[in-house]
Amino acid sequence: MELNKRYDFILFFDVKDGNPNGDPDAGNLPRIDAETGNGLVTDVCLKRKIRNYVGLAKGEQPPYEIYVKEKAVLNDQNERAYKALGVDLSQDTGKRKGGDKVEEARKWMCQNFYDVRTFGAVMSTGINCGQVRGPIQLTFARSVEQVVSLEHSITRMAVATHQEAEKQGGDNRTMGRKFTIPYGLYRVHGFVSAPLAKQTGFSQEDLGLFWEALQNMFEHDRSAARGLMSSRRLIIFEHTSAMGNKPAQELFDRITFSRTSDGPARDFSDFNIELDGNKLKDFKTIVSV
C-alpha cells in the first residue's frame, strides 16, 4: 500500500553500564558533547542496527535485502541491477557505466534493497545506479541529561602468542581498558516523507517493518561492550496529508520528561516521558496531527 501521509517521530532508548556508540577518533570513548556533557549516538549507528534487524527478520531476501552491510562490495551490488536488466556492462564504453539504463537500475535497486528505498543511497561509485533520497531520516540521538564516561581496567588471563608469553615472564595476564556510561536516556528524532516514499517505492508495509525495527533493534545487537540497551518509548505524529499539517519542531516540543528521583539517574524508572504533560505508559503512542 502506498504511503500517503507524513510522519514525524521520537524514540527514547537507554543504556546501562555500556558504551552505546564509541568514537574511533577518541580511543572508542562514548560520544559526548564536550560543552554540555550530554551523550551522543550518531544516526549512522542507529541505521546500522535497523539494517541488521531487517536483514535478520527477513532473511536477506528481496525485497528486503540490505545494500550497506558488513563486507559488502557496493559496485558488485550495483552490477546485479544491470545483470537483472540484461545489460552487458563490458560493452559500455561511457565514462559513467550504465548509460541510459541508470534510471531503470535505480528503480531495481529500490525494489530489491530495503535500506535503499528507506534511507536512500549514493550508488554512482563506478557502476552507476544513480542516487536516491530516502524518505526516512534520523537525527543524532542526544541524552536528556548529562552522562558520565567511566574507564575500567580489565584483565585477560591469556596471551595471543608465545612471544607475548615470553615477554610476560610466564605471567600470561594482560591488561585492557573498557569504557562505559552508568546510565543514559537518549532521545532521537525522525522524519518520514510521503513524497520521497513515492519516489523510492517505500510502502505502508515497509513503514510497519521500520516501527518494528525501532522496537526490537537492540534485542539482536547484544554485546558486552554495549551493556543493557533498550527501546523505551516511541511517539509517532501522524499527519493527515502527504505534506503535513504542522512543523515537526512544534510537535516535538510537546514531548517532555520529568524526574521521579533525586541524584544521578540509574534506571528508566527515574524518568517520566510526557505528552502535553501526561505520562506515557505504552511503548508506542500514535498522535493524530
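Reply: Asp 43 counts as buried, at 18% relative accessibility. Buried means under 20% relative accessible area, exposed over 50%, and partly exposed in between (1.4 Å probe, protein chains only). The model is predicted: local features need pLDDT of at least 70, side-chain atom pairs count only at pLDDT 80 or more, and totals for chains, interfaces and linings use all residues. Residues are numbered from 1 along each chain as its sequence is written, and side-chain values use heavy atoms, with hydrogens and water left out.

The partner of Asp 43 is Lys 47. The two form a salt bridge, with the closest N and O atoms 3.9 Å apart. A salt bridge here is a side-chain nitrogen of Lys or Arg within 4 Å of a carboxyl oxygen of Asp or Glu. Lys 47 is buried too, at 11% relative accessibility. Both residues belong to helix α1 (residues 43–58), 4 residues apart, so about one helical turn separates them. An α-helix has 3.6 residues a turn, so residues three or four places apart point the same way. Helices (H or I, at least four residues) and strands (E, at least two) are DSSP runs, numbered from the N terminus.

Arg 51 meets Asp 115 at 2.8 Å, N to O.

Some bridges form a network. Lys 49, Asp 221 and Arg 226 are linked in this way.

How many salt bridges does a search of the whole structure find? There are 19. One of them joins Asp 267 and Lys 16, at 2.8 Å from N to O. Asp 267 lies in the loop between β12 (255–259) and β13 (271–275), and Lys 16 in strand β1 (residues 7–18), so the bridge ties together parts 251 residues apart in sequence. Both ends are partly exposed: Asp 267 has a relative accessible area of 28%, and Lys 16 stands at 25%.

Strand β1 leads on to the sheet. It pairs with β11 in the antiparallel sense over 10 bridges. Two strands pair if DSSP finds at least two bridges between them. Val 15 stands opposite Met 229 in β11. Strand β11 (residues 228–238) is mostly covered, with 9 of its 11 residues buried. β11 also pairs with strand β15 (residues 284–288), in the parallel sense and over 5 bridges. There, Glu 238 stands opposite Ser 288 in β15.

Now helix α2 (residues 74–84). Its buried residues are Gln 77, Asn 78, Ala 81 and Tyr 82. Down the axis of α2, they fall within an arc of 150 degrees, so they line one face of the helix. The arc is that of the directions from the helix axis to the C-beta atoms. The cover over these residues includes α3 (102–112). Gly 86 follows α2, with a positive phi near 75 degrees.

Last, the whole chain. It has 8 helices and 15 strands. Of its 289 residues, 46% count as buried. Among contacts (heavy atoms within 4.5 Å) between residues at least 6 apart in sequence, 71% join residues at least 24 apart.
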